[in-house]
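Visitor: I would like a short tour of this structure, please. Where do we begin?

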Amino acid sequence: MIVFGSRMYGRKHLVKGWGYCEACATYGKHISYTGRKWGHLYFIPLIPLGSRMRVMKQCKSCSNGVHIPEKDVPTTLNELRQRTDRALAALIAGQKEFDDNGTMMPCSASLVGAIELLYCMSAQDYVRLVLAALEEKGLTYTYHLVRGEAVEFEGKPGEAAGAYKLAADCEPTETLPLMALGAVHLNGGDLEDARAVYEKALELSDDKFGVLRVLLKVYGALKDHAKLAETYEACFTLVPELAQDKKSVKAYKKACKKAGKQPALK
Ligand SMILES: [Zn+2]
């Protein structure tokens, strides 16, 4: 058998982390690194295929990841840092939103959203600086949120859950810490805890559909058919196009059948 194929060689700047993979919908380990794809024969690299790339969040289960050319990494990282700096400066000035090139964006959510990408581009030191600034300025709510995200990346879900709980205590009407906490429970298979947290988030959230979509997953896993059917109905009311989606309608009817109720859709 001739073994010919292509794979990444010359891996550098390796970062190991934990996170959720969109491609295979699993939570687990991933790696980020810089390398170049080569055509190989018996795993001996023979032909370079394209330029060097930064591979980010390459999932251990399905091998999917985000690829960007290595030459673009400094610009991407610089833009992300500048954006994070602006969010941080606005927060320190007592604002909840910052001007992101003409669009007003929420400071805390933007900071939290940048952490994973910063880690994947080896900017751990910068994440530490952000955390230190938040702590020093007494921005406790955002500090706990960002810290939760950072320790989650480092593979410490228990510590992350603790941080998100502290954030929720600081701002009991905010949904962001609850959504983050719910995800930790869901990823860890603690379905009842996930349910309690997401149901509370649903009460508070302005984006009901966003929470209901996650609750579909939770009720499905819990085999709570009645709640699942009810949640599909709420989703269909909020987003009528979803009632045209065959997969959703099928799942809804199945839940109705198992719950022993008549579907509201034909
Ligand atoms: Zn995956």
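Guide: We begin with the face of H5 turned away from its buried side, which carries the exposed residues Gly158 and Asp169. Helices here are DSSP runs of H or I, at least four residues long, numbered from the N terminus. This is a predicted model: local features need pLDDT of at least 70, side-chain atom pairs count only at pLDDT 80 or more, and totals for chains, interfaces and linings use all residues. Residues are numbered from 1 along each chain as its sequence is written.

Visitor: In H5, which residues are buried?

Guide: A residue is buried if 20 or more other C-beta atoms, placed from the backbone, lie within 10 Å of its own, exposed if 12 or fewer, and partly exposed in between. In H5 the buried ones are Ala160, Ala161, Ala163, Tyr164, Ala167 and Ala168. They cover an arc of only 165° around the axis, going by the directions from the axis to the C-beta atoms. That puts them on the same side of H5.

Visitor: Which helices do the buried residues of H5 pack against?

Guide: Contact means that two C-beta atoms, placed from the backbone, lie within 7 Å. By that test, the buried residues of H5 pack against helix H4 (140–153) and H6.

Visitor: How far apart are the end C-alpha atoms of helix H7?

Guide: Helix H7 has 14 residues, 191–204. The expected span is 1.5 Å times one less than the number of residues. For H7 that should be 20 Å, and the end C-alpha atoms agree, at 20 Å apart.

Visitor: Which helices do the buried residues of H7 pack against?

Guide: The buried residues of H7 are Ala194, Arg195, Val197, Tyr198 and Ala201. They pack against helix H6 (176–187) and helix H8 (208–222).

Visitor: Is Glu116 buried or exposed?

Guide: Glu116 lies in helix H2 (residues 107–120). Not counting residues up to four places away in sequence, Glu116 touches Gly19, Glu149 and Phe153. Because Glu116 has 22 C-beta neighbours inside 10 Å, it counts as buried.

Visitor: Are H8 and H9 roughly parallel or roughly antiparallel?

Guide: The axes of H8 and helix H9 (residues 225–238) come within 9 Å and cross at roughly 155°. Axes are lines fitted to C-alpha atoms, for helices over the stretch in contact, and angles run from 0 to 180 degrees between N-to-C directions. Angles under 35 degrees count as roughly parallel, over 145 as roughly antiparallel, 65 to 115 as roughly perpendicular and the rest as oblique. H8 and H9 are therefore roughly antiparallel.

Technical notes
Helix = DSSP H or I, 4+ residues; strand = E, 2+ residues; numbered from the N terminus.
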